[in-house]
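Please walk through this structure with the model open beside the text.

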Amino acid sequence: MFGTKRQRERRHCIEVMCVEDRRTHLIDDVMVAAAARTGRLMAECGRSVLAAALAEPLGPLCPLCAAVREGSRSSVPSPRAATR
Ligand SMILES: [Zn+2]
């Protein structure tokens, strides 16, 4: 068996370009599997992405997806979190 290590903490996202806004969005692996039925991918920014052909070069990264990725990187609680 494969075993489930500690991968739940660190999600893996793939980059997919949307044909509608020509931007590259980050899609969680789990969402990719779910899209097999609908054909649409739910990006990290909340956008419903209609994937472009995989042969196409990626467009500029969606700023919201980029922000989500940055946020997940620094998910370790910082001492400043308590201050307002
Ligand atoms: Zn996005």
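Two residues are in contact if their C-beta atoms, placed from the backbone, lie within 7 Å. By that rule, and not counting residues up to four places away in sequence, isoleucine 27 touches Cys13, Ile14, Val16, Val32, Leu41, Ala43 and Val49. Before going further, note that this is a predicted model, in which local features need pLDDT of at least 70, side-chain atom pairs count only at pLDDT 80 or more, and totals for chains, interfaces and linings use all residues. Residues are numbered from 1 along each chain as its sequence is written.

The term pLDDT is the predictor's confidence in each residue, on a scale from 0 to 100. Its mean over the chain is 82, and 75% of the residues reach 70 or more. Helices and strands are also named by a rule: they are DSSP runs, numbered from the N terminus, with helices being H or I of at least four residues and strands being E of at least two. The chain has 2 helices and 4 strands, and along the sequence they follow the pattern β-β-α-β-β-α. Among these elements, β2 has the highest mean pLDDT, 95, while helix α1 (residues 29-38) has the lowest, 84.

How much of the chain is buried? A residue is buried if 20 or more other C-beta atoms lie within 10 Å of its own, exposed if 12 or fewer, and partly exposed in between, with C-beta atoms placed from the backbone. Buried residues make up 17% of the 84 residues in the chain. As for contacts, 43% of those with a separation of 6 or more are between residues 24 or more positions apart.

The elements differ in cover. Strand β2 is mostly covered, with 4 of its 5 residues buried. Glycine 39 follows α1 and has a positive phi, near 85°.

Strands β1 and β2 run antiparallel and are joined by 5 bridges; two strands pair if DSSP finds at least two bridges between them. Across this pair, valine 16 stands opposite histidine 25 in β2, and methionine 17 stands opposite threonine 24 in β2. Leaving aside neighbours within four places in sequence, methionine 17 is in contact with Arg22, Arg23, Thr24, Ala52, Glu56, Leu58 and Gly59.

The largest one has 10 residues: Val16, Met17, Cys18, Leu26, Ile27, Leu41, Ala43, Val49, Cys62 and Cys65. The elements that give two or more residues to this core are β1 and β2. Isoleucine 27 lies in strand β2 and is buried because 24 other C-beta atoms lie within 10 Å. Between isoleucine 27 and leucine 41 there are 6.9 Å, C-alpha to C-alpha, although they are 14 residues apart in sequence.

Now turn to the loop between β1 (13-17) and β2 (24-28), where valine 19 is found. The hairpin of these two strands has 6 residues between them. Valine 19 is exposed because it has 12 other C-beta atoms within 10 Å. It touches Leu50 and Ala52, not counting residues up to four places away in sequence. Valine 19 and alanine 51 are 32 residues apart in sequence, yet 6.1 Å apart from C-alpha to C-alpha.

Arginine 22 is in this loop between β1 and β2 as well. Is arginine 22 exposed or buried? Arginine 22 counts as exposed because it has 12 C-beta neighbours inside 10 Å. Most residues other than glycine have a negative phi. In arginine 22, phi is positive, near 60°.

The last stop is arginine 47, in the loop between β3 (41-42) and β4 (48-49). Arginine 47 is partly exposed because it has 19 other C-beta atoms within 10 Å. Its contacts, leaving aside neighbours within four places in sequence, are Cys18 and His25. The C-alpha atoms of arginine 47 and cysteine 65 are separated by 9.4 Å, and the two residues are 18 apart along the chain.

Notes. Core = buried A, V, L, I, M, F, W, Y, C linked by C-beta atoms within 7 Å.
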